[in-house]
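Reader: I am new to this structure. Please take me through one part of it closely.

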Amino acid sequence: MRKFVFPSLLFAVFGGIAAHAHAFLDHASPLVGSTVASAPREVSLTFTQNLEAAFSSVQVTDANGARVDQGKAQISGNTMRVGLKTLAAGTYRVRWHALSVDTHKTEGSFTFTVGGL
Ligand SMILES: [Cu+2]
């Protein structure tokens, strides 16, 4: 059965019908480009469309490129969240990849800064 399932999955991913909208980032917490006074415990991203959980992901890295997220994102509807390790003051980059339910891929990144003590 597996060899029949896989091509149909590929079709679903790459052969989708063109649609008017993709899953763009609607808003984020911490806010895009913001400076926050205390270290957030998670990053939460809200998109303009619902996400396909299996093909959407987010990574958070510090100024040296080291991962500071806790791994696999939790995806529900149009929201993707990932827990964070304890962050020191500094600037962090959030990179996300999304596959929306209309089968279109989008990606982007932004930074936020944890303020000094
Ligand atoms: Cu789209």
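How many bridges pair strand 3 and strand 6, and in which sense, parallel or antiparallel?

Author: This is a predicted model, where local features need pLDDT of at least 70, side-chain atom pairs count only at pLDDT 80 or more, and totals for chains, interfaces and linings use all residues. Residues are numbered from 1 along each chain as its sequence is written, and side-chain values use heavy atoms, with hydrogens and water left out.

Strand 3 and strand 6 pair over 5 bridges, in the antiparallel sense. Strands here are DSSP runs of E, at least two residues, numbered from the N terminus. Two strands pair if DSSP finds at least two bridges between them. Ser44 faces Arg81 of strand 6.

Both strands belong to an open sheet of 4 strands, in the order 1-3-6-5, with antiparallel pairing. Strand 1 (25–29) and strand 5 (74–76) are the edges; each has a single partner strand, so one side of each lacks a neighbour in the sheet.

Now look at Thr46, in strand 3. Thr46 counts as buried because its relative accessibility is 14%; buried means under 20% relative accessible area (1.4 Å probe, protein chains only). Beyond neighbours within four places in sequence, Thr46 contacts Phe24, Leu25, Asp26, His27, Asn78 and Thr79. Contact means heavy atoms within 4.5 Å.

Leu45 touches Leu25, His27, Asn78 and Thr79, among others, not counting residues up to four places away in sequence.

Technical notes. Buried < 20%, exposed > 50% of the residue type's maximum accessible area, 1.4 Å probe, protein only.
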